[in-house]
Amino acid sequence: MPHDVLETLTVSVDRRSPEAALLAAPAETLRSGGLVAFSTETVYGLGADALSEAAVARIFEAKGRPADNPLIVHVASVEEIAPLVEEITPLARLLIDAFLPGPLTLVLRRSSIVPSIVTAGLDTVAVRVPSHRVAQALIRMAGVPVAAPSANRSGRPSPTRAEHVLQDLDGRIPWLVDGGPCDVGLESTVVDATGEVPVILRPGAVTAEHIRMATGLDPVDASSFVSADPTAAPRSPGLKYRHYAPRARVLVADGPDDDARADAVLSLAAQEIAAGRRVGLFAGHDTLLSLSCPLVSAVVPRGRIVLSVDWGRTDDALSASAALFDALRRLDDAGAEVIVAQSVDPAGLGAAYRNRLEKAAGGLEGEVQGP
Ligand code: TXA
Ligand code: MG
C-alpha cells in the first residue's frame, strides 16, 4: 500500500536538558495520533499514542512490520506502569526498583485500556521506562503512553543514530527528535515478569547476572529457545523474525578467547577474499592492527578490504555493542558483499552482543522448527 508522502522534520535536542519549546510540536503530533521517532538510551524508537488503535496502526504501516509482532509501551516514570497492567507482580517490583528507568522492558498481564493491536492479541503487554532524558521529556509532554518499536524498516538493523532513522523512514514520518547517538546501541532486555521466576526473552544491557543480583533468582534464558513443537507459539513473537539484518552476508568470527576470535577474523577474511568477494570488517583495534603485519597482509591484502570498522579495545563489549548497528549499516553502504564481524566473550553484555550478531548472520532465533 503506498504511504502518504510527508516531509520528515528533524529537531535536534540537548540530551542533558531537553528544551521544552523544541519538543512541543512533536509532542502535539503524538497526542493527536501521529508518528514521532525519538532517541532512547538503547536505540531510536518510532512512537505513537499507545491507547489509540489508529495511531498504532500507522507504526505497522510505516515500518512494514508484521501485525503479529507486539510493541513495547513507553512511559515517562515508573508510576505510570500501573494503569497499563493487571498487576505489578512482586518480581516486577524488584526489577522496577533495581533497573527502571533504564534499558529493561517488563512483560506483564495487560489491563483493558491497552488496545489489542499493541499486544498483537496477547494477554500480556511489554512496558518500559527509558532513562534517556529526551525520551522522558517527550513522553511526559505528550501526556500519553507511547508504543514504540525500533525506528527501522522491518528487517533492517535498529537505528542508533538519527541519520539511520532517516535512511529508513524519511518521508514516512512527520517528526524525528534527534537526541544524539544511543549509548547502549542494542535494544532493551525483555523480561517476562508475570510469574515467580524472571524469563529473559531478549538479552540486553541489563544482564542475567544483574537480574540474579537484584532478585536472588536464576533467570530462565528463553532468548535462544527453539521449540520442538511446530505448532507452539514462540514465547516472544518478535523472536521468530530475522532482525538486525544488513544487506551483506554476515560471518561471525568466534572462538574461545580474544586471540582465537582475532585469528578467526583473519582466516574468514582470507577465505572470502580468495573467493573474490568484497569484504568488510568489524573488529577490535588489536585485530585490525594485525592486518599491517606482513605475514597477514600476504593473505588479507588491505587494499581488498572495502572498509574496516574499529570498535576500540578488543575486550570491550560495551564499545562493540554501541558500534555494532552503525557498523553494519556503514559496511553495507561501502558495498561489502560479506561482513566478517568479530565476536566477544559471552560474559555480561557480551551475551546480548553475540545474540544480535547471530541474528544479523541469519540465525532465526526462536524459530518454530518442524520435526
Ligand atoms: O530498546 C528497546 O526496547 C527499543 C526502544 C525503542 O525502546 N524498542 C524495541 O522494540 O526494540 P521492538 O518492537 O523492536 O522490539 C520489541 C520486542 C519484540 O521482540 C517483541 O516481540 C517483544 O519485544 N514483545 C513485545 N510485547 C511482548 C509481549 N507482550 N510478550 C512478549 N514479547 C513481547
Ligand atoms: Mg526492532
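The centres of domain 1 and domain 2, taken over C-alpha atoms, are separated by 30 Å. Domain 1 covers residues 9-221 and domain 2 covers residues 249-360, with bounds that come from an automatic or database domain assignment. This is a predicted model, in which local features need pLDDT of at least 70 and side-chain atom pairs count only at pLDDT 80 or more, while totals for chains, interfaces and linings use all residues. Residues are numbered from 1 along each chain as its sequence is written, and side-chain values use heavy atoms, with hydrogens and water left out.

Between the domains, 21 residues of domain 1 are in contact with 16 residues of domain 2, contact meaning heavy atoms within 4.5 Å. The two domains bury about 1400 Å² between them, 55% of it on carbon and sulfur atoms; buried area is the accessible area (1.4 Å probe) that two parts lose on being put together, summed over both. In domain 1, Pro157, Leu186 and Pro203 lose the most area to domain 2, together accounting for 39% of what that side buries.

Polar links also cross the interface, with 7 residue pairs in polar contact between domain 1 and domain 2, both residues at pLDDT 80 or more. A polar contact is a pair of N or O atoms within 3.5 Å; within protein, one must be able to donate a hydrogen and the other to accept it, and residues adjacent in sequence count only if both atoms are side-chain atoms. Helix H6 (residues 162-169) gives the largest share of the side of domain 1 that touches domain 2, namely 3 residues.

The count of salt bridges comes to 19, and 4 salt bridges lie between domain 1 and domain 2. The term denotes a side-chain nitrogen of Lys or Arg within 4 Å of a carboxyl oxygen of Asp or Glu. Two salt bridges are set out below.

| Side chains | N to O distance |
|---|---|
| Arg156 and Asp332 | 3.9 Å |
| Glu28 and Arg31 | 2.6 Å |

Because Glu28 and Arg31 are 3 residues apart in helix H1 (residues 20-31), they are separated by about one helical turn. Helices (H or I, at least four residues) and strands (E, at least two) are DSSP runs, numbered from the N terminus.

An open sheet of 11 strands runs in the order E1-E8-E2-E3-E7-E4-E6-E5-E9-E10-E11, with mixed pairing; two strands pair if DSSP finds at least two bridges between them. Strand E1 (9-12) and strand E11 (220-221) stand at the edges, each with a single partner strand, so one side of each is left without a neighbour in the sheet. Strand E4 (residues 72-74) and strand E6 (residues 124-128) pair in the parallel sense over 3 bridges, and Ile72 stands opposite Ala126 in E6.

Methods. Chains lettered and ligands numbered in written order.
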